[in-house]
Structure formats: structure tokens, C-alpha cells
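Colleague: I'm new to this one, could you walk me through it?

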Amino acid sequence: MLKKILKKIKDEKLIQEGDKIVLGFSGGPDSVFLLEALNYAKKEINFEFVLAHVNHLLRGENSDTDEKFSIECSERLNIPIFVKRASIEEIAKENNIGLEEAGRFIRYEFFKDILKKISGNKIAIAHNLDDQIETFLFRLIRGSSLEGLEGIPNRENIIRPINEVYKNNILKFLDENKIKYRIDETNFENDFTRNSIRLDLIPWIEKRYNNNFKDKIFNLISEIKEVNKILEIDLKKYEDFKDNRWSLNIDLIELEENYIQRKIINEYLKKYNLEGSREKIGNI
């Protein structure tokens with residue numbers, strides 16, 4: 001298992017000599033497995049990493065125990081840890097957003113802060129293959145472009161070394177090697193859409209239609225990534241510099257197919273950190 005992850009890290013150049021990495025660490029099985037994988041990778045690659053744990057104050061004593069467990073892991077392995085306490089319920093209410101979105105916002109802002117403190121250059125996230133498949137189905141149900149259906153890609157300075165490993169293989173590895181981890185009981189509640197996809201939809205499809213459903217979805221995600229790479233847009237080709245700003249050359253865009261037109265507009269919006277929803281692109 002660890003050799004497989006190391007090979008992926010090397011092949012995709014996820015981690016290189018001299019990197020300083022922030023590892024998002026919840027204490028759950030995925031982040032504990034990623035911790036083991038990074039420790040193993042250090043045998044062959046010279047890099048440093050620290051742990052970052054967020055206590056969302058959502059599960060009372062269990063959240064505090066997760067925090068304590070994370071600190072104990074850092075002390076046992078002599079790895080620095082940074083801890084943040086923040087109520088995702090309060091932040092969700094203040095910003096009128098869901099709990100999942102609030103939690104994601106808190107975590108990534110915290111990781112970025114630590115990155116600056118340690119003069120780091122990468123953030124390691126413990127998304128597994130099941131997470132990718134759930135994200136694919138979540139976006140498919142809500143409506144998504146081909147780019148959105150890539151699952152959870154490695155982008156910018158965020159790396160996901162274990163995103164091609166199934167959860168059951170992670171649990172098997174940890175249990176067989178008697179490596180302790182924490183369990184978030186809210187993962188087994190159907191309050192969130194993603195939980196419902198994981199607990200209800202996927203098992204139902206596997207039982208009723210195809211036992212290898214997740215493998216088929218992963219193969220499809222891989223193909224979509226290949227197609228998106230072929231269809232990548234060189235935005236410079238479609239831009240003009242006017243009035244001290246870059247604007248799109250509409251005459252050039254109109255020569256392209258509708259799908260490519262939408263991709264050009266989406267790339268332009270992303271350049272200025274604007275959300276490129278289907279409706280917004282259609283209106284443009």
C-alpha cells in the first residue's frame with residue numbers, strides 16, 4: 001500500500017526535494033493513513049511536513065477527543081502540529097451557508113495561514129477514491145460541466161496523494177497494522193447530501209445493478225480527465241489588451257464550437273477568481 005502511494009507521489013511529482021507541507025489532519029482513518037504514507041515517503045524524498053487540526057466544536061466531547069488524539073500523534077512522531085478551534089455552526093449561520101461549506105472554508109483558510117507561518121509550499125489533503133466518486137455523483141445530480149466531473153483534482157499547491165485508494169483498503173491497512181484512528185460518527189448520519197450518497201445511493205446501485213459500480217465511475221472519471229486535458233484552453237489566444245485590462249476577443253471566440261466558447265469564458269472568469277456557473281456563462 002505505502003509503496004503504491006510513494007510511486008504515485010514520484011510519478012506525478014506531488015512531493016519533491018525541499019518541500020514544506022501542511023497535512024490536514026482530523027485524526028480519522030484517511031488522515032492517519034496519509035500521515036503513514038508521508039512518513040514512509042520521507043525515507044526516499046527529503047521534505048518536511050506539519051499537521052493542522054481543526055476542532056469544529058460540532059460533536060462536543062468527541063471533537064475534543066479528536067483534538068487530543070491528533071496532538072498525541074504529533075508528539076509520538078515528533079511532528080509539529082497546529083490546532084484551531086472554530087464553531088462551524090456559528091460561521092454557517094453568520095454567512096448563511098451549509099455546515100459542510102463552512103467547515104471547508106475554515107479548514108482551507110487555516111491551512112493557508114499555517115503555510116505562510118512555516119514558509120511552506122503545499123497542502124496535503126486526505127481525500128480517498130470514495131470521496132472522488134461521491135463528489136462526481138454529487139455534482140452530476142446537482143448539475144456540472146465536464147470539468148466539474150473530474151472529481152477532486154490536484155490543483156495549485158494542494159496535493160491529494162491517496163485519492164486513488166478505496167476507503168475499505170485504508171481501513172484494512174490500518175486495522176491489520178494495529179494503527180489507531182478516530183471515527184467521526186456524523187459520517188453515518190444522513191443529514192448531509194454526501195452522506196446520503198455514500199450510505200444510501202451507492203450501496204443501492206451496487207446491490208441492484210452493478211457490484212463494481214465504483215470501479216466503473218472511477219474509469220469514467222479517468223477518461224473525463226483525459227478529455228479535459230485534450231480540450232485545455234490557451235486563454236492568451238483569445239485575449240486582447242485594451243484600456244489597461246485584458247478583454248476577450250469575441251470575433252475569435254465566435255469561430256469556435258459552442259462548447260469551446262463556454263470553456264473560454266469559464267477560463268476567463270477563473271482568471272479573475274469569479275465563479276463560472278452554467279447560468280452565468282450562458283448569460284455572457
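Modeller: A word on terms before anything else: a residue is called buried under 20% relative accessible area, exposed over 50%, and partly exposed in between, with a 1.4 Å probe and protein chains only. This is a predicted model, in which local features need pLDDT of at least 70 and side-chain atom pairs count only at pLDDT 80 or more, while totals for chains, interfaces and linings use all residues. Residues are numbered from 1 along each chain as its sequence is written, and side-chain values use heavy atoms, with hydrogens and water left out.

Colleague: Fine. Is Asn96 buried or exposed?

Modeller: Asn96 has a relative accessible area of 72%, so it counts as exposed. Asn96 sits in the loop between helix H4 (88–95) and helix H5 (99–117), where helices (H or I, at least four residues) and strands (E, at least two) are DSSP runs numbered from the N terminus. Its phi is near 55°, which is a positive value in a residue other than glycine.

Colleague: And what is phi for Lys13?

Modeller: For Lys13 phi is near 55°, again a positive value in a residue that is not glycine. Lys13 belongs to the loop between H1 and S1, and with 57% relative accessibility Lys13 counts as exposed.

Colleague: Let's move to the strands; in what order do they form the sheet?

Modeller: The open sheet has five strands in the order S3-S2-S1-S4-S5, and the pairing is parallel; two strands pair if DSSP finds at least two bridges between them. At the edges lie strand S3 (81–85) and strand S5 (158–159), each of which pairs on one side only.

Colleague: How many bridges join S1 and S2?

Modeller: S1 and S2 pair over five bridges, in the parallel sense. Lys20 has Glu48 in S2 as its bridge partner, and Gly24 has Ala52, also in S2. Four of the five residues of S1 are buried, so S1 is largely enclosed by the rest of the structure.

Colleague: What about the largest nonpolar core, which residues touch the most other members?

Modeller: That core has 33 residues, and Ile15, Phe33, Leu38 and Phe49 are the ones that touch the most other members. At least two residues each come from helix H1 (2–11), strand S1 (20–24), helix H2 (29–41), strand S2 (48–55), helix H3 (61–77) and helix H7 (167–176). H2 gives the largest share, eight residues. By a nonpolar core I mean a set of buried Ala, Val, Leu, Ile, Met, Phe, Trp, Tyr and Cys residues joined through side-chain atoms within 4.5 Å.

Colleague: So what is Ile15 in contact with, beyond its neighbours in sequence?

Modeller: If neighbours within four places in sequence are left aside, Ile15 is in contact (heavy atoms within 4.5 Å) with Ile9, Ile21, Leu38, Ile45, Phe47, Lys122 and Ile159. Another core, of 19 residues, lies apart from the largest one and includes Val50, Ile106, Ile125 and Ile158.

Colleague: Changing topic, how many salt bridges does the structure hold?

Modeller: The structure holds 13 of them, a salt bridge being a side-chain nitrogen of Lys or Arg within 4 Å of a carboxyl oxygen of Asp or Glu. Lys8, Glu12 and Glu164 are linked in a network of such bridges. The side chains of Lys8 and Glu12 meet at 3.1 Å, N to O, while the closest N and O atoms of Glu164 and Lys8 are 3.4 Å apart. Glu164 lies in the loop between S5 and H7 and Lys8 in helix H1, so that pair ties together parts that are 156 residues apart in sequence.

Colleague: Is Lys8 buried or exposed, then?

Modeller: Lys8 counts as buried because its relative accessibility is 10%, whereas Glu12, at 38%, counts as partly exposed, and so does Glu164, at 33%.

Colleague: What does Asp64 meet in a salt bridge?

Modeller: The side chain of Asp64 meets that of Arg85 at 2.9 Å, N to O. Asp64 is in helix H3 and Arg85 in strand S3, so this pair ties together parts 21 residues apart in sequence.

Colleague: Last one: where does Phe213 lie?

Modeller: Phe213 lies in helix H9 (residues 213–230), and at 13% relative accessibility Phe213 counts as buried. Apart from neighbours within four places in sequence, Phe213 is in contact with Leu137, Ile202, Ile205 and Glu206. Between Phe213 and Lys236 there are 23 residues in sequence and 40 Å in space, C-alpha to C-alpha.
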